[in-house]
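Colleague: I should like to learn how to read a protein model, one feature at a time. May we begin with the contacts of a single residue?

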Amino acid sequence: MGESAAISMASPPRSFSSLSPPDVQMELHAENREKLVRALRDHLAATSQPARGVVILQGGEERTRYCTDHAELFRQESYFAYLFGVREPGFYGAIDVASGQSILFAPRLPGDYAVWLGEIKSLSYFKDRYMVDMVHYVDEMVQVLLDFCGQPGEPLLFLLHGLNTDSNNFSKPAAFKGIEKFETDLCTLHPILTECRVFKSEMEVGLIQYANDVSSEAHIQVMRRTMAGMKEYQLESIFLHHIYMYGGCRHCSYTCICATGENSAVLHYGHAAAPNERTLNNGDMALFDMGAEYFFYGSDITCSFPVSGKFTRDQAAIYNAVLKAHDAVISAMSPGVCWIDMHKLAEKIILESLKFVGIIIGDVDEMMAMRLGAVFMPHGLVHLLGIDTHDPGGYTKGMERAREPGLKALRTVRELKERMVITVEPGCYFIDALLKPAMEDPTKSKFFIREELGRYKDFGGVRIESDVVVTSNGCRNLTNVPRKTWEIEAVMAGEPWPPKQN
Ligand SMILES: [Mn+2]
């Protein structure tokens with residue numbers, strides 16, 4: 001080994017991160033419970049019902065891989081995490097509407113748990129850790145609830161049952177032996193608890209900000225280390241390493257989408273059948289959609305950039321079209337703004353830009369009326385973000401999805417309100433499965449300039465996604481990554497981020 005190599009090995013390691021994972025405040029979940037109790041009492045008063053009953057939720061169960069004993073890494077069910085912050089599986093939780101008191105029910109673990117899985121924690125440990133009023137075992141639940149309610153007649157339990165409008169799945173109401181001794185209500189809790197989750201507290205925004213800080217830093221590491229010849233999964237691995245090593249994030253909010261070249265037009269690339277395994281080429285665009293989760297709260301960030309580190313004219317044209325839409329939407333966001341209008345604003349800016357570039361031709365208002373925007377951006381502009389990447393509450397009772405292409409993909413059509421955390425993620429993609437039929441459609445074919453469009457055949461797509469919290473008079477972007485083309489080129493060339501102030 002030469003002397004210079006020895007010296008460079010002896011020099012202190014370069015600092016890769018400015019992160020320090022914050023302690024989790026269990027007050028966050030106590031606050032969430034108080035908020036739910038207030039909302040339930042208001043609802044009961046408004047519908048002339050007595051303020052009685054107990055909310056009961058069943059936490060998630062640990063699962064094993066198919067028929068084996070391979071335990072999958074457990075992640076708490078999201079509504080349960082919201083109210084109790086419990087990281088262990090097998091719990092139930094209860095909240096008394098009248099008093100606001102909370103009870104956790106812990107599974108009674110077998111003695112050999114201590115041999116294989118570690119110390120069996122006492123009930124008082126859980127009481128202190130999770131800041132609840134009481135802790136009992138799950139096998140005592142029926143008697144504890146009956147004693148606790150104390151009134152004659154069947155005590156009332158509010159169970160969680162309702163539709164997740166993103167997945168079309170229903171939440172699973174708590175189930176346990178002896179539930180027939182109680183009166184149960186399946187309708188009241190879900191919409192009220194979901195509505196609580198839509199509006200984030202200071203502490204919740206703090207955790208989402210931290211998840212954003214971690215992910216932003218990791219995205220920048222990925223950009224800096226991107227090189228032709230690498231595999232997409234190697235960049236995924238850099239992201240995962242960074243968020244865990246420096247950010248303390250063991251989970252991602254969703255499976256990483258590390259798409260390059262034509263793959264960047266595949267909206268949910270990166271799944272088991274398309275596992276981020278393409279080799280990067282110098283002329284490719286990269287589209288990396290990756291987000292860390294920290295103590296249940298997530299982030300959802302997409303960066304698009306050229307693999308070479310330098311935008312070509314075509315790459316910059318499409319990228320800037322999407323960036324202009326991203327920035328315009330964030331500038332327009334404030335309480336009272338409607339999401340359908342924001343989606344259309346983004347579409348219009350992208351269409352105007354594509355017309356300016358010379359890919360399409362004609363009257364942009366006519367294109368809008370023909371829903372041409374959905375050919376280039378088939379997904380919704382936004383979704384709520386929190387404990388779930390697609391946080392629930394995008395549609396409240398009676399709200400219907402739009403039917404038109406593009407708009408029907410919106411995960412919310414609500415009016416913006418203060419304390420909502422929402423993603424802004426315009427994109428522009430060249431997807432054969434959409435372009436071909438549009439070009440063959442006699443009402444739409446006139447808009448396309450085929451020879452120009454042909455240049456983008458293998459381009460893929462661009463998406464730019466930031467996480468934004470709505471404030472009283474505007475919004476705040478929680479994501480901090482280079483966005484302008486020259487900022488990206490500078491960071492990829494090794495310049496610091498945020499840039500040095502001169
Ligand atoms: Mn997203």
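Modeller: Two residues are in contact if their C-beta atoms, placed from the backbone, lie within 7 Å. Leaving aside residues up to four places away in sequence, Leu104 touches Phe84, Val86, Phe91, Gly93, Phe126, Tyr130, Val132 and Val135. This is a predicted model, in which local features need pLDDT of at least 70 and side-chain atom pairs count only at pLDDT 80 or more, while totals for chains, interfaces and linings use all residues. Residues are numbered from 1 along each chain as its sequence is written.

Colleague: Which residues have the most contacts inside the largest nonpolar core?

Modeller: A nonpolar core is a set of buried Ala, Val, Leu, Ile, Met, Phe, Trp, Tyr and Cys residues joined through C-beta atoms within 7 Å. A residue is buried if 20 or more other C-beta atoms lie within 10 Å of its own, exposed if 12 or fewer, and partly exposed in between. The largest core here has 128 residues, and Val55, Leu104, Val322 and Ile350 have the most contacts inside it. Helix 8 (residues 202–225) gives the most to this core, namely nine residues. Helices (H or I, at least four residues) and strands (E, at least two) are DSSP runs, numbered from the N terminus.

Colleague: In which sense do strand 2 and strand 3 pair?

Modeller: Strands of a sheet pair through backbone hydrogen bonds, either parallel or antiparallel. Two strands count as paired if DSSP finds at least two bridges between them. Strand 2 (residues 92–96) and strand 3 (residues 102–106) pair in the antiparallel sense over four bridges. Tyr92 has Phe105 of strand 3 as its bridge partner. An open sheet of six strands has the order 4-3-2-1-5-6, with mixed pairing. Strand 4 (134–137) and strand 6 (183–185) stand at its edges with a single partner strand each, so one side of each lacks a neighbour in the sheet.

Colleague: Which way do the residues of strand 12 point?

Modeller: In a regular strand the side chains alternate between the two faces of the sheet. Ile301, Cys303 and Phe305 point one way from strand 12, and Thr302, Ser304 and Pro306 the other way. Six of the six residues of strand 12 (residues 301–306) are buried, so the strand is largely enclosed by the rest of the structure. Strand 9 (residues 285–290) runs antiparallel to strand 12 and is joined to it by six bridges.

Colleague: How far apart are the end C-alpha atoms of helix 11?

Modeller: The expected span of a helix is 1.5 Å times one less than its number of residues. For the 19 residues of helix 11 (residues 339–357) this should be 27 Å, and the end C-alpha atoms are 27 Å apart, which agrees. Just after helix 11, Gly358 takes a positive phi of about 100°.
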